[in-house]
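Here is a short tour of one model, with the sequence and coordinates to follow along.

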Amino acid sequence: MILTIGVNPAAYQHFLRRAMIAPPSARITMPSLVTETPAAAPQAALEHFRRRLSLETDCWDVHESLRRGLPDFVLLDVRGRAAYAKAHVPGAVSLPHRDIDERRLAAWPAETVFVTYCAGPHCNGADRGALALAALGRPVKIMIGGMTGWADEGLPFASGTETGT
């Protein structure tokens with residue numbers, strides 16, 4: 001017997017029989033938390049995810065691109081310089097988001113794609129860096145997950161102040 005506080009056991013048993021045992025046409029259907037807001041139409045989902053991928057990349061894709069030696073982007077660690085010195089993604093350039101300006105970007109051609117990252121999903125530094133780059137007319141994506149995502153993938157870190165190592 002199932003005992004529930006505040007619920008009539010007979011009514012609950014009746015509900016279970018209808019919801020779990022009855023044929024689909026007779027079952028009580030209540031939307032789950034997942035489906036109480038209907039899924040988007042396939043075309044809307046296609047547009048959404050295509051747009052999202054134009055703005056984001058993930059740690060594994062960055063790692064694989066760097067590992068293959070053919071990165072077609074500049075990876076920017078937009079955290080503070082002390083955090084970069086302690087640990088950073090190998091190959092990243094240290095450029096704190098507060099320091100992003102046209103003068104510092106002059107070293108790269110205007111069409112250079114930048115990928116920003118920060119500490120992790122709890123940090124909006126990657127977004128701040130991406131915003132600054134976009135405001136300066138530069139193509140940019142963020143590396144979702146940041147340092148936390150990199151660690152979760154089991155990928156190695158570098159340390160030291162020399163940028164690009």
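## Helix α3 and its cover

The buried residues of α3 are covered by elements that include β1 (56-58), β2 (74-77), β4 (114-117), β5 (140-144) and α7 (146-152). Contact here means heavy atoms within 4.5 Å, while helices (H or I, at least four residues) and strands (E, at least two) are DSSP runs numbered from the N terminus. In α3 the buried residues are C59, V62, H63 and E64; buried means under 20% relative accessible area, exposed over 50% and partly exposed in between, with a 1.4 Å probe and protein chains only. After α3 comes G69, with a positive phi near 75°.

This is a predicted model: local features need pLDDT of at least 70 and side-chain atom pairs pLDDT 80 or more, whereas totals for chains, interfaces and linings use all residues. Residues are numbered from 1 along each chain as its sequence is written, and side-chain values use heavy atoms, leaving out hydrogens and water.

## An aromatic pair

Searching the whole structure turns up one aromatic pair. (Rings of Phe, Tyr and Trp, the last by its six-membered ring, pair if their centres lie within 6.5 Å; planes under 30 degrees apart are stacked, over 60 edge-to-face and the rest tilted.) F114 is buried, at 0% relative accessible area, whereas W108 is partly exposed, at 22%.
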